[in-house]
Amino acid sequence: MKPNTNYLNLKDSYLFSTVARKVAEYKSKNPGADIIRLGIGDVTLPLPGVVVEAMGKAVLEMGDKKTFRGYGDEQGYVFLREAILGYYSRKNVSLELDEVFISDGAKSDLGNILDIFSVDNTVVIPDPVYPVYVDTNTMAGRSIVFLDANLDNGFLPLPDDSLQADIIYLCSPNNPTGAVYTKEMLQKWVDFALERNAVILFDAAYEAYVRDPSLPTSIYQIEGAKACAIEFCSLSKTAGFTGTRCGYTVVPKELVFDGVSLNKLWLRRQTTKFNGVPYIVQRGAEAVFTERGLQEVGECISYYLENAKIIREALESMGIEFTGGANSPYIWLKCPGGMSSWEFFDYLLEKANVVGTPGVGFGKNGEGHFRLTAFGDRENVLTAVGRLKSLI
Ligand code: PLP
């Protein structure tokens, strides 16, 4: 037996463990310190009432012989996929039922999708980025071309003629930078992919945070995208499903490469290796897309976006350069005084008792940057911002 030694090429992920260790060490030396975490990547508001009610009803159905359900529909229950189609029609995107696949979240699908691509494709991944894209390709032994995202391009890199690419990862609104591609920018990527016969893997996990109507919330709002893009969506940050687990992936039937339909390959992959999301969770997810659901979810997102605005305005008043903080729960700032990401982490922890995430943990271009998130409590955000203002 030979193990998959590609795993040995993975870079150890010290980021969050080092953050936790440093905070624990500081706390043990300063037990009275009131530490505020502005680095959390998890939601803090509970599930909306409409979701809890729907799941409660579904639990009772499962306990009754007449309404009990075993294995569900292959791609996810029709009621949920229909609700998602309705959600897309609000975005002026028309999808077919068998183009939507329900999953237990975007992370699984982003990793699993690689099963349907040959290992010798050239993969293009922006840097800095959500680490899952890099790690899953490394595990599969693919070579990666990194695309520089930096202050010069507003952390929104675009293709140029010299770029070689078969698989392109795009994430908008972006984690960690909070930057959001415009329609014109995405059109450049779609045109590039169509011309090069490449596929775009579009991570729309934060689409619900986009409030500016001129910005795209789905790649399918871009002409030609159905022939070159797969879209990954998640209810995690949209509706508080980080622990409940539900997402969906759109694989249009127009995606045909060398005569092979990616939709058919993904259906085969999913029906072979995945047995679906629990009925109870899918009923909860369906409730998200009702009028009441969208209203309740919208209120939670508004709360986080208001947090983001408070942080953004504070940074503006301090003259600190940043991206994000609008149409996104992430704020990505340039560390003041030329500090490195970890220097600024230590400085904030020790002088303000505020914890964020060092940007260098998301890729080499993240050095000298720092990620704050808007998922905390309002009171904590206000206190943290007050401390930052008096410190810097
Ligand atoms: N994509 C991005 C960019 C994320 O930041 C996250 C979670 O933080 C995910 C996907 C994963 O989402 P899920 O909880 O649906 O697996």
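Q: In which loop is P173 found?
A: In this predicted model, a cis peptide bond joins S172 and P173, with omega at about -5°. Most peptide bonds are trans. As for its place in the chain, P173 is found in the loop between β5 (167-171) and α6 (183-196).

Q: What is the omega of the peptide bond from D127 to P128?
A: P128 lies in the loop that runs between β3 (123-127) and α5 (132-139). The peptide bond that leads from D127 to P128 is cis, and its omega is near 10°.

Q: Where is the place of N327?
A: Most residues other than glycine have a negative phi. N327 is not a glycine, and yet its phi is positive, at about 60°. The place of N327 is in the loop between β11 (322-324) and β12 (330-334).

Q: How far apart do the C-alpha centres of domain 1 and domain 2 lie?
A: The protein is divided into domain 1, which takes in 8-47 + 292-391, and domain 2, which takes in 49-290. Between them, 34 residues of domain 1 are in contact with 47 residues of domain 2. Their C-alpha centres lie apart by 26 Å.

Q: Which residues of domain 1 lose the most area to domain 2?
A: The area buried between domain 1 and domain 2 is about 3,300 Å², and carbon and sulfur atoms give 61% of it. On the side of domain 1, three residues together account for 24% of what that side buries, and these residues, which lose the most area to domain 2, are L47, L294 and N327.

Q: Are α1 and α11 roughly parallel or oblique to each other?
A: The axes of helix α1 (residues 15-29) and helix α11 (residues 341-352) come within 11 Å and cross at roughly 30°. Angles under 35 degrees count as roughly parallel. The two helices, α1 and α11, are therefore roughly parallel.

Q: How many nonpolar residues are there in the contact of α1 with α11?
A: The crossing of α1 and α11 is right-handed. The contact is made by L15, T18, V19, K22, V23 and Y26 of α1, together with W342, F345, D346, L349 and E350 of α11. When these residues are divided by class, one is polar, three are charged, and the number of nonpolar residues is seven.

Q: What are α2 and α10 to each other, oblique or roughly parallel?
A: Helix α2 (residues 49-62) and helix α10 (residues 291-318) pack with their axes 8 Å apart, at an angle of about 135°. Where they meet, G49, V50 and E53 in α2 face R292, G293 and E296 in α10, and the residues of this contact divide into one nonpolar, two polar and three charged. From their angle it follows that α2 and α10 are therefore oblique.

Q: How many nonpolar residues does the contact of α2 with α9 have?
A: α2 and helix α9 (residues 279-288) pack at an angle of about 150°, their axes being 8 Å apart, and α2 passes α9 in a right-handed crossing. On the side of α2 the contact is made by V50, V51, A54, M55, A58, V59, E61 and M62, while α9 brings Y279, I280, V281, R283, G284, A287 and V288. By class, the contact has one polar and two charged residues, and its nonpolar residues number twelve.

Technical notes:
Residues numbered from 1 in each chain as written. Predicted model: local features only at pLDDT ≥ 70, side-chain atom pairs only at ≥ 80, totals over all residues. Heavy atoms only, no water. Axes fitted to C-alpha atoms, helices over the stretch in contact; angles between N-to-C directions. Helix = DSSP H or I, 4+ residues; strand = E, 2+ residues; numbered from the N terminus. Parallel < 35°, antiparallel > 145°, perpendicular 65-115°, else oblique. Left-handed = near helix turned anticlockwise from the far one by under 90°. Contact = heavy atoms within 4.5 Å. Nonpolar A, V, L, I, M, F, W, Y, C, P; charged D, E, K, R; others polar. Domains from an automatic or database assignment. Buried area = accessible area lost by both parts, 1.4 Å probe.
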